[in-house]
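Dear colleague,

I am handing over the structure below, and after it I set out what was found. Please read the notes with the coordinates open beside them.

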Amino acid sequence: MVKLVCFDCGQTNRVPQERLAAGPKCGTCGTPLMDGKAHEIDAETLAKAIRTDEAPLVVDFWAPWCGPCRMMGPEYSKAATALKGKARLVKLNTEQHQKAAAQFGIRGIPTLISFDKGRESARQSGALPAAQIEAFALRPSGAKG
Ligand SMILES: [Zn+2]
């Protein structure tokens with residue numbers, strides 16, 4: 001079983017590993033837990049997901065005023081779709097959540113951080129194309145290739 005926090009209601013769900021790619025839903029609110037979309041989440045939900053999630057979690061620290069962040073947006077969404085069932089990709093708006101950005105030591109955006117079982121496993125600054133975001137997301141586990 002793999003623990004995943006619902007990005008909508010914050011509930012912790014337990015999902016069988018083999019069902020991750022089949023589009024599991026939150027038992028409490030019915031929101032898809034791994035739908036291949038890059039979800040915008042708040043600092044509180046992010047903190048809980050980092051503590052709880054047992055699947056790779058990637059966070060894009062971005063802001064609406066940041067040109068490179070906006071450029072990377074569609075690429076990030078593409079990567080999220082490609083990684084459905086393998087990793088969850090989320091976005092944190094650093095303008096709305098400045099305290100969280102400071103806690104994670106974000107100096108420039110966009111910055112990607114991947115978390116694996118509660119720990120930061122990799123960090124990368126600068127806009128990336130979808131293929132590189134996918135490679136980044138899967139690097140911690142080392143399972144791919
Ligand atoms: Zn839910």
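Strand S4 has six of its six residues buried, so this strand is largely enclosed by the rest of the structure; buried here stands for under 20% relative accessible area, exposed for over 50% and partly exposed for what lies in between, with a 1.4 Å probe and protein chains only. Strands (E, at least two residues) and helices (H or I, at least four) are DSSP runs, numbered from the N terminus.

The model is a predicted one, in which local features need pLDDT of at least 70 and side-chain atom pairs count only at pLDDT 80 or more, while totals for chains, interfaces and linings use all residues. Residues are numbered from 1 along each chain as its sequence is written, and side-chain values use heavy atoms, with hydrogens and water left out.

To return to S4, Leu57, Val59 and Phe61 point one way from the strand, whereas Val58, Asp60 and Trp62 point the other way, and all are buried. In a regular strand the side chains alternate between the two faces of the sheet. S4 runs parallel to S5 and is joined to it by six bridges, and Phe61 has Leu92 as its bridge partner in S5.

The sheet itself is open and mixed in its pairing, with five strands in the order S3-S5-S4-S6-S7, where two strands pair if DSSP finds at least two bridges between them. Strands S3 (39-40) and S7 (119-125) stand at the edges with a single partner strand each, so one side of each is left without a neighbour in the sheet. S6 (residues 111-116) and S7 run antiparallel and are joined by six bridges, and in S7 the bridge partner of Phe115 is Glu120.

Helix H2 (residues 67-82) packs on the sheet and touches S4 (57-62), S5 (88-93) and S6, its direction making about 155 degrees with that of S5; contact means heavy atoms within 4.5 Å. Helix H4 (residues 130-138) also packs on the sheet, touching S4, S5, S6 and S7, and its direction makes about 30 degrees with that of S6.

H2 and H4 pack at an angle of about 50 degrees, with their axes 8 Å apart, the axes being lines fitted to C-alpha atoms, for helices over the stretch in contact, and the angles running from 0 to 180 degrees between N-to-C directions. Their contact is made by Met72, Glu75, Tyr76, Lys78, Ala79 and Ala82 of H2 together with Ala130, Ile133 and Glu134 of H4.

Best regards
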